[in-house]
Amino acid sequence: SEGFLAALEKEVKERSKQRKRNERLADALKEKGNDAFRKGDYGTAIQRYTEGLEKLRDKQELYTNRAQAYMKMQEYEKAIGDCEWALKCNDKSIKAYFLMGKAHLALEHYDKSRQCYEKILQIDPQKENLFRGCMNEVNLEEKRMRDEKKAMKEVESGNVAALSIKELLQKLERPDHNILYYTGGIRLLTGAVKSCTEQTLFRTNNGLGILMSNEVVRRGFCSERKNAAEVDLCVSLLLLWGAVCTGNEENQRLLLTHPDVKAQLPKLLSSGVPEIQKETLALISLFSANENGRRLLVKHQDLTKWLLILMTFISSTDARAGSAMDILSDLTGEDRFKTQCRVMLSTDVLPLFNQLLSSAKVVNQAALARCIGIMGNLCADADIRMQMAKSKECWQACLKLLDKSFAVSSAKFQECMFAVLGLMMNLLLESNVIIQCLAVDISGSCMSLLREKDGRIVTRAIGVLSRVLPASSTAVEEVVKGGVVKMMIKFLKAGGEITSNYAIKTLSICTRSNSQAQEELVTSDKRFRLLLQFLDSQNEMIVANAAFCLGQCLGVPGAATSLLGTSVVMVLLKHAGGDAIRTSVQENAAIALGKLCVAEPRY
C-alpha cells in the first residue's frame with residue numbers, strides 16, 4: 001500500500017508539472033494569437049488559440065478570444081459555441097456573455113441576445129451602463145430589420161408612395177444636370193417622405209450615397225462661399241435629412257457617420273447664412289433631443305468648438321438663438337461634451353461669454369439667461385469650474401450685469417440676473433486669489449440686491465454671500481457695517497428653507513470673528529428666540545449653523561444670562577449627544593454648551 005501511495009503522489013506531482021508546462025505554452029500561444037488579432041489576421045489568430053486549447057482545454061480566455069476572432073470572420077455560430085465552452089470554465093465570464101450577445105444579435109436572435117446582456121447585469125450590477133448600451137443596440141437593430149421588412153412588402157404590393165422614393169432617387173442619380181434640377185428633385189423627395197416606410201426606403205435605396213456622390217450636389221453642399229443656388233440646394237438637403245431622420249435612429253447614424261456631413265455640420269453652423277443656420281440647427285436638434293442622438297453626436301462629431309459656435313447665436317434676435325440654446329442644454333449632460341468643452345474654454349469661449357454678459361442690454365436676453373444657466377451647469381465639471389473661477393474678466397462681467405446702474409427693469413433681464421447669481425454660486429465652490437481679491441465687490445453687489453422685489457434673486461444673493469464671505473475678512477467687515485445682520489434676521493423670520501439655510505450660514509460666518517456682528521445678533525434676536533427656533537429645525541445644516549452662531553454670541557455680556565429659564569441646555573444636550581449625520585451638529589452644540597456654562601455659572 002505504501003508503494004501505491006508513493007506512486008500516486010509521484011503521478012500527481014508529474015501531472016502538476018505537466019499542467020504548468022502546458023499553461024506556459026498555452027499563454028505563449030494566446031499572446032501569438034492576440035498579436036495576429038491586433039494585425040487583423042483573424043485566421044491565424046484562430047489557429048493559435050486552437051493550438052493553445054490543445055495544450056489546455058479549460059482556459060477560458062482562449063475560448064473568448066477565439067470567439068472574438070470568429071466574430072470578425074462573421075462565423076457567429078462558432079463564436080456562440082466557444083462562449084458556451086468559456087462559461088463551462090467560468091460561469092461568471094462577462095466577456096463570454098457579451099460576445100454571445102453580439103453573435104446572437106448578428107443572427108437576429110434578439111431575445112437570446114437580451115438574455116445574455118441580462119446575465120451580465122446579474123453578475124455585476126455595476127455594469128448598468130454597458131447593459132443599457134447593449135440593450136439599446138438590440139432594440140435599434142430589431143426595429144431596423146422590422147422596418148426594412150415592412151418597407152419591402154410595401155414595394156412588392158405596388159404602393160405608389162413607396163415606389164416614388166426609388167423613382168426619385170433614380171432621377172437624382174442621373175449626372176450632368178444643373179443645380180436647379182437637383183434642388184427641385186430633392187424638394188420633391190422631401191415631400192414624398194411622409195412615414196417610416198419612406199424613410200427606410202430612402203436608406204435601403206442608398207439615398208445618402210446617391211446624393212453625396214453626385215458631383216453637382218456635393219460641390220454645392222461643401223462649397224465655402226455659396227451662391228444663391230447653392231444656398232437653396234444646401235437648405236433643401238438639410239430639410240430632406242430632417243425628414244428622413246426624424247424618429248429614425250438608423251438614418252441618423254448613417255447621416256452622422258458620412259464623412260462630408262461630419263465635416264460640414266460645424267461649418268454650416270458658422271456659415272453666417274441665416275437660412276442654412278436655421279435648418280442646420282433644426283437638424284442637430286433632432287439628434288440632441290434624445291439619448292441615442294446625443295450619443296451619436298458625441299461619438300461622431302468633434303464638439304470642441306460647438307460651445308463657442310452655438311454661443312454666438314445669442315446675438316440673433318430670431319428663433320436661431322433659442323434653438324442653439326436648446327442644443328447646448330441637451331448636450332451639457334454628456335460627459336464627453338464637457339471634456340471637449342475644456343479645450344477652448346479659456347482661450348475662446350470665456351472671452352465671448354464675458355463679452356455677451358457685458359452686452360446684456362443689446363443681445364437676446366432670453367437666450368443669454370439660458371446660456372448663463374448652461375455655463376453654470378457645465379461647472380459641475382471641476383476643470384471647467386476651475387478655469388472659469390480663475391478668470392478675473394468673467395467675475396467682472398458677472399458683476400457688471402448685476403450693477404444697478406447697468407440693469408434694466410425687464411422680466412428677461414431679471415432672468416439674466418438670476419442666472420448669473422446661480423453661476424457665481426457654482427464658481428464659489430472654488431477658492432483662489434481672484435475670488436479673495438474680488439470678495440468685497442462681490443459681497444457689495446449682493447448686498448445691493450437684498451432689496452429686490454424678486455424673491456428668487458434675493459435668495460441667490462444671500463447664497464452668494466454665504467459662499468464668498470469666507471474668502472475675505474474685509475468683506476465680512478464691510479457687510480456687517482452695511483447692516484447684514486439685521487437683514488439676515490429679517491429673512492430668517494420670513495424666508496423659506498433655502499433662504500434660511502443661506503441666511504443662517506451668512507450669520508455664522510459674520511459672527512465667527514466679528515464682534516459687531518455678535519453684538520448686533522444679541523440685540524436683534526431677543527433671548528435668541530430665532531436661533532432657538534432654528535435649533536429645532538429638521539435641516540441639519542441649519543441646526544449646525546444656529547448652534548455655531550449661538551456659541552459665538554455667548555461671549556457678549558448678558559447674552560448667556562438672557563437664556564435662563566429657556567430649554568437651551570436640553571436642546572444643546574440633545575444635539576451634542578445625538579446621531580445627526582453631520583458631525584458639525586454635535587460639535588457646534590457641544591461647544592455652545594461649554595461656552596454657555598463658562599459665561600453663566602448657574603448653568
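In which helix is the place of threonine 280? Threonine 280 lies in helix α16, helices being DSSP runs (H or I, at least four residues) numbered from the N terminus. The model is predicted, so that local features need pLDDT of at least 70 and side-chain atom pairs count only at pLDDT 80 or more, while totals for chains, interfaces and linings use all residues. Residues are numbered from 1 along each chain as its sequence is written, and side-chain values use heavy atoms, with hydrogens and water left out.

Threonine 280 counts as buried because its relative accessibility is 0%, the limit for buried being under 20% relative accessible area with a 1.4 Å probe and protein chains only. Apart from neighbours within four places in sequence, threonine 280 is in contact (heavy atoms within 4.5 Å) with Leu238, Leu265, Leu268 and Leu269.

Helix α16 (residues 274–288) and helix α15 (residues 259–269) have axes that come within 8 Å and cross at roughly 130°, the axes being lines fitted to C-alpha atoms over the stretch in contact and the angles running from 0 to 180 degrees between N-to-C directions. The contact is formed by Leu265, Leu268 and Leu269 of α15 together with Ile276, Gln277, Thr280, Leu281, Leu283 and Ile284 of α16.

Leu283 is also in contact with tryptophan 241, as are Leu208, Met212, Phe221, Leu255 and Val261, when neighbours of the tryptophan within four places in sequence are left aside.

How values were computed. Helices (H or I, at least four residues) and strands (E, at least two) are DSSP runs, numbered from the N terminus. Buried means under 20% relative accessible area, exposed over 50%, partly exposed in between (1.4 Å probe, protein chains only).
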